[in-house]
Amino acid sequence: MSQQRRITAVLGPTNTGKTHYAIERMLGHRTGIIGLPLRLLAREVYDKIVAARGPSVVALVTGEERIVPPRAQYWVCTVEAMPEGMGADFVAVDEIQLCADPERGHVFTDRLLRARGQHETLFLGSDSMRGIIRALVPEAGLMSRERMSQLSYGGARKISRMQARSAIVSFSVENVYAIAELLKRQKGGAAVVMGALSPRTRNAQVELYQNGDVDFLVATDAIGMGLNLDINHVAFSATQKFDGRRMRALMPHELGQIAGRAGRGMSHGTFGVTGEAPPLQEEVAEAIMRHRFAPVKKLIWRNPRLEFGHMDALIRALEQAPENELLVRAREADDLSALKTLSQDAETFARASDAPSVRLLWDVCCIPDFRGISPAEHAALLGQIYAHLHERGQIPEDWLARHIKQIDRTSADIDTLSKRLAYIRTWTYVAQRKGWVGNDSHWRDVTRAVEDRLSDALHSALTQRFVDRRTSVLLRRLKQKEAMLAEVNDKGEVTVEGEYVGRLEGFRFSSDKSAGGQEAKTLKQASLAALAPHFHLRADRFYNAPDTELDFTEQGGLMWGESAVGKLVKGAEPLKPQVKAFVDDEAGTDVAEKVTRRLQHFIDRKIATAMEPLLALSRDEELTGLARGFAFQMVEALGVLPRVQAASEIKALDQEARGSLRKHGLRFGQFTVFMPLLLKPAPTRLRLVLWSLWNDLGEFPEAPPPGLVTVPRLTSGPKGTDTMAGYRNAGERAIRIDMLERLADMLRAEDSRGGFEASADMLSITGMTLEQFADLMQGLGYKAERGEREKVKPADTVMPPDGETTSAEDTPVMDSTAPAPGTDAAASDAPDAADIPESVAAMPDNGIAPVAEDAPETPEAEAEIAEPPAEEIAPGTAPDEKLSGPETEVFYTFTWAGNRGGRKPQEGGRGKQKGKPKGKAKPKGKPQGARAFEAKPAKKDKIDPDNPFAAALMGLTKKD
């Protein structure tokens with residue numbers, strides 16, 4: 001064999017550098033042609049050679065792309081598009097084992113038998129071609145190349161446990177999409193590579209994988225054809241595929257071709273199965289690892305010597321059987337099928353009447369069926385193209401533009417975009433044929449632009465559907481162990497590397513709720529890693545924040561602004577609760593300790609401020625004996641103690657002890673012993689929380705709204721809730737305890753045995769209607785009797801005679817200190833209640849008789865009862881006469897319900913009254929039939945010694 005026409009078959013498994021070797025050999029010659037199995041691979045090789053020699057000497061020719069500079073020296077083509085008769089110095093054909101492929105094998109076989117370079121020819125492929133090449137091309141030299149890395153079998157593995165940089169292979173579009181969806185949920189996404197994608201879309205998807213945006217690739221067997229990717233593991237989700245006619249099992253050499261994509265360069269690779277694919281048989285796995293496959297014994301062949309004299313002659317030539325027993329006639333391909341279909345059309349048959357017409361028809365039939373609708377649809381389109389070319393010599397531009405316009409739409413789903421891409425590839429192929437359209441370069445640009453737009457849209461749709469960019473970005477950063485940039489806005493929204501990942505609430509991170517499974521774990525892992533410096537900065541800012549930015553909730557939570565940063569927990573004493581900070585473990589112990597210290601300082605200061613009178617009482621060293629014990633009892637009760645619970649202790653206190661306790665603002669009321677300052681909203685709110693913590697309540701009762709004298713009965717919490725809230729339940733409502741004591745002062749001036757009516761002052765301080773007040777009094781242990789009487793109208797006003805004036809003394813003046821109905825009154829305005837006798841103080845809440853606080857504790861003194869005369873009702877007036885008779889009014893008569901058989905209550909004022917006769921009071925001249933009772937006139941302008949402004953008021957009085 002002459003050295004000038006050397007033919008070499010470079011054989012070996014994948015990852016042996018065969019293609020790279022061929023490129024180097026071609027660039028060693030002045031001219032050369034290399035044929036590759038895929039348009040995508042052709043583009044990859046073209047880019048490499050352009051980078052080495054420049055674009056002016058490199059041509060790219062595929063069925064749908066044609067870049068041919070005037071001084072082209074090196075031609076990169078798909079095998080079908082390799083030019084003939086150019087006399088290039090070098091010719092190479094890659095993946096020569098495709099000579100045995102049922103669909104395309106005849107093209108590769110033709111190149112094996114007829115394509116030759118003037119100086120050198122290379123055939124690159126599997127070692128299984130060694131014997132048949134030696135038989136069909138005896139002059140060819142054989143060169144073996146060893147794989148640069150090892151390939152081993154990894155067995156079966158679940159997709160959820162698939163290692164990074166893996167390719168999962170499936171053989172149907174539906175399965176490819178399903179696996180990609182699963183990987184998106186569990187691993188952040190996957191790139192998709194299929195033979196049906198345009199080169200631009202495939203390149204974009206491959207780039208998505210290669211640059212690390214995703215760690216997984218889902219592909220068809222298209223990756224087995226020379227695509228050089230950084231794959232560490234190949235997993236087969238199926239070992240059968242539909243070959244266009246039937247489902248069949250993949251041959252070992254086909255599995256080996258795909259598995260060989262794992263482990264590029266010097267990196268070792270593995271392969272295995274996943275999903276529903278059964279484990280590979282031991283001998284098959286061994287063959288793949290050792291690259292030992294059954295030799296190819298037959299090649300697919302089709303007659304290259306075509307006759308164009310007549311359509312029938314062309315069909316006979318295409319169906320001619322080979323003479324060599326090593327060759328097998330190709331099955332009917334799409335081009336031959338279309339030719340036969342069009343030969344049955346009378347109009348087409350009539351047009352193909354001479355050799356040029358038959359040749360033109362064959363060229364049209366060679367247009368690939370990119371659309372894949374049906375053979376009949378494909379043949380019909382080819383018939384229209386042939387008719388235009390035969391009649392006009394070119395395809396009409398308006399007809400072509402109309403078809404392209406129908407395709408040029410990018411708003412659609414993945415399937416529709418894929419179909420449109422397949423359709424535009426037909427017109428891209430047509431535009432590449434010389435002379436078929438007017439202004440070839442224009443239509444090539446138009447079809448290329450449409451294909452690019454559709455390709456980009458499809459890539460975006462695939463990425464949007466199968467890639468969670470947020471998770472993929474974070475996974476890549478975690479893998480690279482690089483510092484990630486996290487940002488937290490004023491709403492607490494966290495972004496890492498520009499991707500929203502969740503919210504930072506105080507010192508706890510909550511991942512985006514839309515994420516689930518593995519995605520959620522990845523988000524939290526990456527987010528907490530990126531937030532580490534933010535935790536420290538936020539802890540410093542929190543530690544230095546003023547108390548005004550912090551607060552506690554009525555359920556014991558601790559807030560920083562709108563963020564929960566901790567909660568209160570039970571401490572050793574009611575006034576010494578502890579705190580538990582809400583800090584993620586990943587923030588570190590330093591952050592947690594700093595937050596805990598700041599929260600403890602806050603609540604300690606809050607208690608010191610709100611409970612200052614109570615704390616001062618507990619620290620008073622001058623209190624001794626019974627006074628000190630009672631002070632301790634008040635601290636345990638958090639400053640509000642029902643009198644009935646400490647009746648005996650109160651009775652045992654002498655006046656000196658009581659005085660020492662009153663110095664701290666303690667009031668001995670008829671119903672409650674309390675500190676008026678602790679009834680304000682802030683101490684009340686805090687007291688309820690502290691009491692709930694100390695009693696281990698699951699749900700804390702909430703404080704009533706501030707400023708209300710009465711509220712609906714407090715029944716939601718356990719016993720004692722009303723007292724801790726500063727109220728006392730009475731009937732259907734609860735009255736604030738300080739206002740209850742003011743009411744008790746008024747009630748002591750009334751005849752509780754003979755009966756009395758509610759005065760305007762009573763209704764005013766409670767802010768109640770008469771019916772509500774009656775219910776309240778019953779709740780306090782009184783009996784309320786309802787009655788009706790004629791309403792007494794006010795007398796007409798008599799004007800004084802001319803020249804006379806009314807003196808100020810005669811003019812009634814409203815007490816400016818009296819509260820308006822329903823409004824709050826200072827607790828200190830109410831005088832102290834008197835000591836309650838032990839027998840009465842021990843009575844239940846609803847049976848306490850009104851007694852005087854400051855009355856002498858001598859049981860011999862009894863108050864005299866004054867009974868005013870009953871009022872008469874005008875005779876002849878029916879009580880229910882409302883419409884035609886006089887106007888009536890409702891009134892209630894209140895008597896103490898506990899006076900039957902019990903101890904007679906003290907009445908008639910703060911002290912026991914002496915020297916007054918017992919018996920009924922004299923009548924006031926009112927109508928007979930209704931009894932009216934008048935309270936003892938209260939001394940006006942009396943200054944309460946417990947009033948915080950008492951000293952100032954007394955000074956003003958003396959000055960006057």
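## Exercises on a predicted model

Ile300 sits in strand β17 (residues 299-301); strands here are DSSP runs of E with at least two residues, helices are runs of H or I with at least four, and both are numbered from the N terminus. The model is predicted, so local features need pLDDT of at least 70 and side-chain atom pairs count only at pLDDT 80 or more, while totals for chains, interfaces and linings use all residues. Residues are numbered from 1 along each chain as its sequence is written, and side-chain values use heavy atoms, with hydrogens and water left out.

**Exercise 1. Work out whether Ile300 is buried or exposed, and which residues Ile300 touches.**

Step 1: start with the cut-offs. Buried means under 20% relative accessible area, exposed means over 50%, and partly exposed is in between (1.4 Å probe, protein chains only).

Step 2: Ile300 has a relative accessible area of 14%, so Ile300 is buried.

Step 3: look for contacts (heavy atoms within 4.5 Å). Leaving out residues up to four places away in sequence, Ile300 touches Cys99, Ala100, Asp101, Pro102, Gly105, His106, Thr109, Val328 and Ala330.

Step 4: take Ala330 from that list. Ile300 and Ala330 are 30 residues apart along the chain, and their C-alpha atoms are separated by 5.3 Å.

**Exercise 2. Describe the ring pair of Trp399 and Trp427.**

Step 1: Rings of Phe, Tyr and Trp (its six-membered ring) pair if their centres lie within 6.5 Å; planes under 30 degrees apart are stacked, over 60 edge-to-face, and the rest tilted. The rule gives a count of 12 aromatic pairs.

Step 2: for Trp399 and Trp427 the centres are 5.5 Å apart and the planes make 85°, an edge-to-face pair.

Step 3: Trp399 belongs to helix α14 (residues 397-407) and Trp427 to helix α15 (residues 414-432), so the pair links distant parts of the chain, 28 residues apart. Both Trp399 and Trp427 are buried.

**Exercise 3. Find how α14 packs against helix α16 (residues 440-466).**

Step 1: axes are lines fitted to C-alpha atoms, for helices over the stretch in contact, and angles run from 0 to 180 degrees between N-to-C directions. The axes of α14 and α16 are 11 Å apart, at an angle of about 10°.

Step 2: that makes α14 roughly parallel to α16 (under 35 degrees is roughly parallel, over 145 roughly antiparallel, 65 to 115 roughly perpendicular, the rest oblique).

Step 3: name the residues. From α14 come Glu397, Leu400, Ala401, Ile404 and Ile407, and from α16 come Trp443, Val446, Thr447, Val450 and Leu454.

Step 4: sort them. Ala, Val, Leu, Ile, Met, Phe, Trp, Tyr, Cys and Pro are nonpolar, Asp, Glu, Lys and Arg are charged, and the others, Gly among them, are polar. The contact divides into 8 nonpolar, 1 polar and 1 charged.

**Exercise 4. Say where Asn15 and Leu638 lie.**

Step 1: Asn15 is in the loop between β1 (6-11) and α1 (18-27), and is buried at 5% relative accessibility.

Step 2: Leu638 is in the loop between α21 (625-636) and β27 (640-642), buried with a relative accessible area of 1%.
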